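Subject: Structure handover

Hi,

Here is the structure I promised to pass on. My notes follow below it.

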Amino acid sequence: METGVPEPAERRGDAMAAPAERRGDATASPAAGASAGPAAPAAASTGPAAPAGHPGWTASLLAQRPAPDPRADLSRFGVGVGLASLYGLALGARQGGVSFAHHATGVPAALVAVACLGVPALTIVLTLFDAPLDAPRALSATARAAAATGLVLGGLAPAAALFVVTSASDLTAALMGLLGLAVGGVIGVVVLLRDLRAALQPDGELFTVAGHGAALLAFAGFATALALRVWWGTLPILKGGVL
C-alpha cells in the first residue's frame, strides 16, 4: 500500500545489491569448480610409485643368494670360465694360430684346478674344526669367486691384447700378461675367502677360530701356487712362446 512516503536509500540499496550478489555467486561457482577440477587427477597421478629398475647383468652374476642353488652356481661358474678364456684369447694374439687355443684353455684351467682340488680339500679341513660348511655352500662361494675372476680378466682382455701385440720383447709381453692374471686371481681368492669366512661361526672357541684362520691362509697360498703352476705349464707366452 502506497503511503506517499519515499523509502529510505539504505533499503533501496540493499534490495538492488541482493540480486547482484546472487549473480556474482552464480558466475563465481563455475570458475571455482573449474579451478578445483584438475587438482584431483594431479593428486591421483602421484599415487602409484615408479617401478624399481632391474639389477644389471654384472650385479646379478655377483649377487649373493639367500640359499645355495647348485644348478645356478654351476651356471655362474661356467660364465666365469668363459670370461676368463677371453683373456686367454687376448694373450694368444701375440703368436696367433694354435696359440689362441692354448691360451684360451690355459687361463681358465687354473680356475678349474683350484675349484676341483683346492676347495674340496679346504672344506674337509674346515669340517675337522667343526665348521658349519657344507658342499652346496662351498660350491656357491667357489662359483661367485670364479665369476669375479672372469669378470676382471674379461674386462682386461682388450688392454692385454694391445700390450702383448705391441710389446717389443717377449719378456715385457709375459710380464704384462702375468700382471692381469695376478689381479684377477687375487680378486677371486679374496671373494672366496670372504664368502667362506662369512659362513663360519665367529663366536666359537679360540682354538676353532684359529684353526679356521690358519686353514683359510693355507688355502690362499695353495691356490696361488697351483694357479701359477697351471699357467706356467699351459701358457706359451710366459715362456717366450714355447709350449
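Which residues does alanine 199 touch, not counting residues up to four places away in sequence? They are Pro132, Leu133 and Arg137. Contact here means heavy atoms within 4.5 Å. Alanine 199 sits in helix α7. Its relative accessible area is 16%, so alanine 199 is buried. Buried means under 20% relative accessible area, exposed over 50%, and partly exposed in between (1.4 Å probe, protein chains only). Alanine 199 and leucine 133 are 66 residues apart in sequence, yet 6.7 Å apart in space, C-alpha to C-alpha.

Some ground rules. This is a predicted model, where local features need pLDDT of at least 70 and side-chain atom pairs count only at pLDDT 80 or more, while totals for chains, interfaces and linings use all residues. Residues are numbered from 1 along each chain as its sequence is written, and side-chain values use heavy atoms, with hydrogens and water left out.

**Overall**

The protein chain has eight helices and zero strands. Helices (H or I, at least four residues) and strands (E, at least two) are DSSP runs, numbered from the N terminus. Of the 243 residues, 34% count as buried. The chain exposes about 14,100 Å², and carbon and sulfur atoms supply 69% of that area. Accessible areas come from the Shrake-Rupley method with a 1.4 Å probe; for residues, only the protein chains shown count as cover. Take the contacts between residues at least 6 apart in sequence: 76% of them join residues at least 24 apart.

**Core**

The largest nonpolar core has 49 residues. Such a core is a set of buried Ala, Val, Leu, Ile, Met, Phe, Trp, Tyr and Cys residues joined through side-chain atoms within 4.5 Å. Leu91, Val107, Leu126, Phe219, Trp231 and Leu235 have the most contacts inside the core. At least two core residues come from each of α4 (70-92), α5 (99-128), α6 (135-166), α7 (170-199) and α8 (206-234). The largest share, 10 residues, comes from α6.

Leucine 126 shows what such packing looks like in detail. Leaving out residues up to four places away in sequence, leucine 126 touches Ala131, Leu133, Leu200, His212, Ala215 and Leu216.

How far apart are the end C-alpha atoms of α8? They are 42 Å apart, which agrees with the 42 Å that its 29 residues should span at 1.5 Å a residue. The expected span is 1.5 Å times one less than the number of residues.

**Salt bridges**

There are four salt bridges in the structure. A salt bridge is a side-chain nitrogen of Lys or Arg within 4 Å of a carboxyl oxygen of Asp or Glu.

- Aspartate 73 and arginine 76 pair at 3.5 Å, N to O. Both lie in helix α4, three residues apart, about one turn of the helix. Aspartate 73 is buried at 0% relative accessible area, and arginine 76 is buried at 3%. Arg65, Asp73 and Arg76 are linked in a network of salt bridges.
- Arginine 94 and aspartate 170 pair at 2.9 Å, N to O. Arginine 94 lies in the loop between α4 and α5 and aspartate 170 in helix α7, so the pair ties together parts 76 residues apart in sequence. Arginine 94 is partly exposed, at 23%. Aspartate 170 is partly exposed too, at 37%.
- Arginine 144 and aspartate 195 pair at 2.9 Å, N to O. Arginine 144 lies in helix α6 and aspartate 195 in helix α7, so this pair ties together parts 51 residues apart in sequence. Arginine 144 counts as buried at 12% relative accessibility, and aspartate 195 counts as buried at 12%.

**Surface patch**

Leu156, Leu179, Val183 and Ile187 form a nonpolar patch on the surface, with about 290 Å² of accessible area together. Patches are made of residues with over 30% relative accessible area and no salt bridge; like charges are joined within 9 Å, nonpolar side chains (Val, Leu, Ile, Met, Phe, Trp, Tyr) within 5 Å. Helix α7 gives the most to the patch, with three residues. Isoleucine 187 is in helix α7. At 33% relative accessibility, isoleucine 187 counts as partly exposed.

Best wishes
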